[in-house]
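Here is a tutorial dialogue on reading strands, loops and cores in a structural model.

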Amino acid sequence: MIYMIEPDDELSDNWLFFEDDPNGILVVREEYRDLVCQSCGKIDENIAISRGPSSNFIVQTNSDIIATSEDWICVSARFCEQINKLEFGGLRFVSLADSKFSIVMPELLVETDETKAGFENHNQCASCGRFGERIIGPFIEGMRLPTSNSTFFASSIANENVKVSYYRFFASELMVEAIRRLEFAGIDFVEAM
């Protein structure tokens, strides 16, 4: 059995790639503005993360796993340490400025057949090719699953909300059993379809 790992809560008004301008309008953070598609306004999140998270982005929560307002997952230093001790692969942790939390990035993107993965796509940008939204999926049926039972994975096709793309992370039942024993605060396991 395969599970999707999700935070059971989201930080409201805690934007990883966006900030309020002096008039209170939500805009792309200064350090990422050169990554904005001039047609649809989306940015290349992978390049943004490779530059390093904004020093102004801070997570304040008692949970070990939380979603940003854009649906990106952040995890506590404790989560990173314990997952590394278990020697589960497939994730890369990008530390935030305060080093108490990290952004989760996939190391293993599995091949995904979009025709079987259950995605619903809306409003494709003519310039960058991104969708205004790519929702519903990915379904397990459309993914080539890893052979290892100890590797997190994500679909090679990212989900899209109206602002950014983001990943959904999956794990085997064996991994989920081990993670449950660690009693992380704020984590939820959803049986993958």
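Predicted model: local features only at pLDDT ≥ 70, side-chain atom pairs only at ≥ 80, totals over all residues.

Q: Which way do the side chains of strand 5 point, and are they buried or exposed?

A: In a regular strand the side chains alternate between the two faces of the sheet. In this model strand 5 covers residues 73–76, where Ile 73 and Val 75 point one way while Cys 74 and Ser 76 point the other way, and all of them are buried.

Q: Which way does strand 4 run relative to strand 5, parallel or antiparallel, and how many bridges join them?

A: Pairing is read from the bridges between two strands, and here strand 4 (residues 65–67) runs antiparallel to strand 5, with three bridges joining them. Within this pair, Ala 67 is the residue that stands opposite Ile 73. The two strands form a hairpin with five residues between them, and in that hairpin Asp 71 takes a positive phi near 80 degrees.

Q: In what sense does strand 5 pair with strand 7?

A: Strand 7 (residues 101–106) pairs with strand 5 in the antiparallel sense, again over three bridges. On this side, Ser 76 has Phe 101 of strand 7 as its bridge partner.

Q: Is Ser 63 buried or exposed, and what does it touch?

A: Burial is judged from the relative accessible area, and because the value for Ser 63 is 15%, below the 20% cut-off, this residue counts as buried. Ser 63 lies in the loop between helix 1 (45–51) and strand 4.

Q: Is Ser 39 buried or exposed?

A: Ser 39 sits in the loop between strand 3 (26–28) and helix 1, and because its relative accessible area is 51%, over the 50% cut-off, Ser 39 is exposed. Ser 39 and Ser 127 are 88 residues apart in sequence, yet their C-alpha atoms are 6.3 Å apart in space, and their side chains make a polar contact at 2.5 Å.

Q: Which residues have the most contacts inside the largest nonpolar core?

A: In soluble globular proteins, nonpolar side chains tend to be buried together. Here the largest nonpolar core has 49 residues, and those with the most contacts inside it are Phe 17, Trp 72, Phe 152 and Ile 179. A second, separate core has eight residues, including Ile 2, Val 110, Phe 170 and Ala 192.

Conventions:
Residues numbered from 1 in each chain as written. Heavy atoms only, no water. Buried < 20%, exposed > 50% of the residue type's maximum accessible area, 1.4 Å probe, protein only. Helix = DSSP H or I, 4+ residues; strand = E, 2+ residues; numbered from the N terminus. Pairing = 2+ DSSP bridges. Polar contact = N/O pair within 3.5 Å; in protein donor to acceptor, adjacent residues only side chain to side chain. Core = buried A, V, L, I, M, F, W, Y, C linked by side-chain atoms within 4.5 Å.
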